[in-house]
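Subject: Handover of a structure and notes on its contents

Dear colleague,

Please find below the structure that I am handing over to you. My notes on what was found in it follow directly after.

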Amino acid sequence: MPVVEVKNLVKHYGSIEAVKGITFNINRGEIFGLIGPNGAGKTTALRILSTLLTITSGNVQIMNHDIEKKPNEIRKIISYLPEDAGAYKNLTGRKYLEFIANFFGEEKVEKMVSKGIEIADLGDRITDKVDTYSKGMKRRLLVGRALMTDPQLAILDEPTSGLDVNNAQEIRNIIKKTAKSGTTVLLSSHNMLEVEYLCGSIALIDDGLIVEEGKPMDLMKKYNASNIEEVFTKVVKK
Ligand code: ATP
């Protein structure tokens, strides 16, 4: 049984057709990447799967829960990291993680916070206020926040956006490790080299439509391309 089943998903914002009928499945423990250019519809699709936006038509099931009928059930098993997420500036990193963990029940706080701290890997700086953090440090704290809850499905919008090479690589390794421990991951990225490294399956999305889908290696073979960027150029030019 797939963890995520998306069928003919359509989303309009007034007269703007942001998502025009996309279909994909994600299996347990898989890292699935939605990749495509600005405005392709990635964030819209992720926000729908995170239950933050309603659908115009189509069907989404997460762990067999229909997103329109059981959004609260879905909220309990997912975690969403928005592209432009922020943390409370006046809290320390640790206090921020504690604040979030408290929503999941007092008995879970200690375990969650220590996991969040381990993922964020900020050393002593975890006890400093968030507004003293660099962009990369904030992003790592937020990745820690998103993954410390052991979600069934982690939805990560551009998880490494704006990070330097080392920080980005560390976050990619954390995502890989998280998936190995059973969390299913859906992420979006513009960075096609990143998804080639990270994702078991990818869907190339352009102008609200999935234009190609498969394992990165299979797509590179199919298009006789040496990387996914080249695949994308060939697919979109077709
Ligand atoms: P990016 O890579 O730039 O983040 P994206 O692939 O995530 O882009 P979306 O943010 O999903 O793309 O946007 C898809 C389309 O929907 C775009 O044309 C965008 O202008 C439009 N759109 C997104 N959000 C809204 C909104 N709240 N109201 C109206 N139009 C919107």
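This is a predicted model: local features need pLDDT of at least 70, side-chain atom pairs count only at pLDDT 80 or more; totals for chains, interfaces and linings use all residues.

Which residues are buried in α1? They are K42, T44, A45, L46, I48 and L49. Here, buried means under 20% relative accessible area, exposed means over 50%, and partly exposed lies in between, with a 1.4 Å probe and protein chains only. Helices (H or I, at least four residues) and strands (E, at least two) are DSSP runs, numbered from the N terminus.

Residues are numbered from 1 along each chain as its sequence is written, and side-chain values use heavy atoms, with hydrogens and water left out.

Just after α1, T51 takes a positive phi of about 70°. T44 is a residue of helix α1, and its relative accessibility of 9% is why it counts as buried. Leaving out residues up to four places away in sequence, T44 touches K11, Y13, A18, V19 and L53; contact means heavy atoms within 4.5 Å.

The ligand has 13 residues around it, and of these G39, K42, T43, T44 and H190 come nearest. A residue is near a molecule or strand if one of its heavy atoms lies within 4 Å of it. Both β2 (16-26) and α1 (42-49) supply at least two residues of this shell, and the largest share, three residues, comes from α1. By type, the shell divides into five nonpolar, six polar and two charged residues. In that count Ala, Val, Leu, Ile, Met, Phe, Trp, Tyr, Cys and Pro are nonpolar, Asp, Glu, Lys and Arg are charged, and the others, Gly among them, are polar.

Nonpolar cores

A nonpolar core is a set of buried Ala, Val, Leu, Ile, Met, Phe, Trp, Tyr and Cys residues joined through side-chain atoms within 4.5 Å. The largest has 48 residues, of which L141, L187, I228 and V231 touch the most other members. Helix α5 provides the largest share of this core, six residues. A second, separate core of 29 residues includes V19, A40, L53 and Y80. In soluble globular proteins, nonpolar side chains tend to be buried together.

Individual residues

K7 lies in strand β1 (residues 4-13) and is partly exposed, at 46% relative accessibility. Although K7 and V60 are 53 residues apart in sequence, their C-alpha atoms are 6.3 Å apart in space. Beyond its neighbours within four places in sequence, K7 is in contact with I22, T23, G58 and N59.

T183 sits in the loop between α6 (165-180) and β8 (184-189) and is buried, with a relative accessible area of 5%. Its side chain reaches the backbone oxygen of P151 at 3.0 Å.

Most residues other than glycine have a negative phi. M63, which is not a glycine, has a positive phi of about 50°; M63 belongs to the loop between β4 (57-62) and β5 (65-66) and is partly exposed at 24%. D121 also has a positive phi, near 50°. The loop between α4 (109-120) and α5 (135-147) holds D121, which is partly exposed at 45% relative accessibility.

Yours sincerely

Conventions: A polar contact is a pair of N or O atoms within 3.5 Å; within protein, one must be able to donate a hydrogen and the other to accept it, and residues adjacent in sequence count only if both atoms are side-chain atoms.
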